[in-house]
Amino acid sequence: MNGNDLSKFRYDKAIVCGIPSSLPAAAQRQSGCLEPVNLSKALNQHANYVRALKNMGLKVIELTADEQYPDCVFVEDAAVVCGDIALVCRLGHPTRRGESARMKTVLQELGLSVEEMEHPATLDGGDVLFTGKEFLVGLSKRTNQQGVHILAKTFGDYPVTAISVSNHLHLKSLMSMAGPDTVLVGGSSEADDVWNEVEKKAKFKYEKLTVPEDKAANCLFVNGTLFHLTSAEIPRSYEVFKQLPDPKIEVENSELHKVDGGLTCLSILI
Ligand SMILES: CN(C)C(=N)NCCC[C@H](N)C(=O)O
């Protein structure tokens with residue numbers, strides 16, 4: 001342990017966005033899952049997620065679903081916020097690029113100091129893991145070296161290290177923070193490789209907590225509470241969460257997972 005404190009994971013606001021009815025037919029599906037998304041179930045699950053954030057006392061800024069952008073519910077990818085600085089992303093997938101404009105306005109209205117990036121840089125927030133002490137950034141199909149460089153310039157107070165992600169969509173499709181100094185890591189061989197690179201290159205040491213299913217490794221750690229998936233969705237990993245100390249909240253995300261969305265993707269915490 002190197003004494004990361006909870007203050008780096010304290011938030012008082014969250015930005016979320018509704019699910020457009022264009023999502024089931026037109027959202028990007030990098031993992032190749034062909035299962036149809038049940039929209040009304042997805043809306044229900046998303047509403048429960050938003051309610052859980054509100055119950056934590058967060059002020060939730062709810063953007064309306066934008067039919068032009070089938071993936072707009074995955075707000076995490078459009079901007080990275082740390083302290084009072086926000087970096088609006090140039091998203092890696094061309095169909096998602098237009099999501100940034102509205103996000104920029106919202107972040108400015110919140111009084112944050114807003115930076116932007118230009119061609120040829122690309123960055124998806126799903127590749128950005130903030131550990132409380134440093135940024136680990138997936139170099140993936142969506143995020144390039146220039147994007148990592150701009151992130152490093154924007155958040156100059158923290159070390160920034162690029163980590164290769166080749167098959168999965170984002171770095172956070174494989175790992176996320178389960179608490180200060182603890183990284184949850186999926187059980188696939190790519191998750192293992194990526195973790196080995198993290199161990200070699202990160203500037204700080206972390207405890208690794210492995211969960212058999214990669215999707216279980218995408219959790220949201222908010223104000224000391226861990227949001228994780230339900231036993232129905234992660235039957236092989238659920239036991240790991242049961243052993244962790246409270247407070248924890250179980251949320252369903254079966255529908256948005258079909259289009260590669262995890263729990264971190266659905267909010268920007270401020
Ligand atoms: C941590 N993850 C996975 C995210 N932050 N984003 C998920 C985006 C999914 C969307 N269909 C897409 O392909 O862009």
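Select Glu76 to begin: is Glu76 buried or exposed? Glu76 is buried, at 6% relative accessibility (buried means under 20% relative accessible area, exposed over 50%, partly exposed in between, with a 1.4 Å probe and protein chains only).

Before moving on, some housekeeping. This is a predicted model, where local features need pLDDT of at least 70 and side-chain atom pairs count only at pLDDT 80 or more, while totals for chains, interfaces and linings use all residues. Residues are numbered from 1 along each chain as its sequence is written, and side-chain values use heavy atoms, with hydrogens and water left out.

**Stop 1: salt bridges**

Lys172 sits in the loop between strands E8 (160-164) and E9 (175-179), and Glu76 in the loop between E2 (59-63) and E3 (79-82), so the pair ties together parts 96 residues apart in sequence. (Helices, H or I, are DSSP runs of at least four residues and strands, E, of at least two, numbered from the N terminus.) Lys172 is buried too, at 12% relative accessibility.

Next, select Lys133 and Asp181, another salt bridge, at 2.9 Å from N to O. Here Lys133 is in the loop between E6 (128-130) and E7 (135-139), and Asp181 in the loop between E9 and E10 (182-185), 48 residues apart. Both Lys133 and Asp181 are buried.

Now jump to Lys54 and Glu62, whose closest N and O atoms are 2.7 Å apart in a salt bridge. Lys54 is partly exposed at 40%, and Glu62 is partly exposed at 47%. For a network of salt bridges, pick Lys41, Glu255 and Lys258. The whole structure holds 14 salt bridges.

**Stop 2: the nonpolar cores**

Select Leu23, Met175 and Phe241: of the 56 residues in the largest nonpolar core, these touch the most other members (a core is a set of buried Ala, Val, Leu, Ile, Met, Phe, Trp, Tyr and Cys residues joined through side-chain atoms within 4.5 Å). Elements giving two or more residues to this core include strand E1 (13-17), helix H5 (189-201) and helix H6 (238-243). Helix H2 gives the most, with 5 residues.

Zoom in on Phe241. Leaving aside residues up to four places away in sequence, Phe241 touches Leu184, Val211, Ala216, Cys219, Leu226, His228, Ile234 and Lys248 (contact means heavy atoms within 4.5 Å).

Methods
A salt bridge is a side-chain nitrogen of Lys or Arg within 4 Å of a carboxyl oxygen of Asp or Glu.
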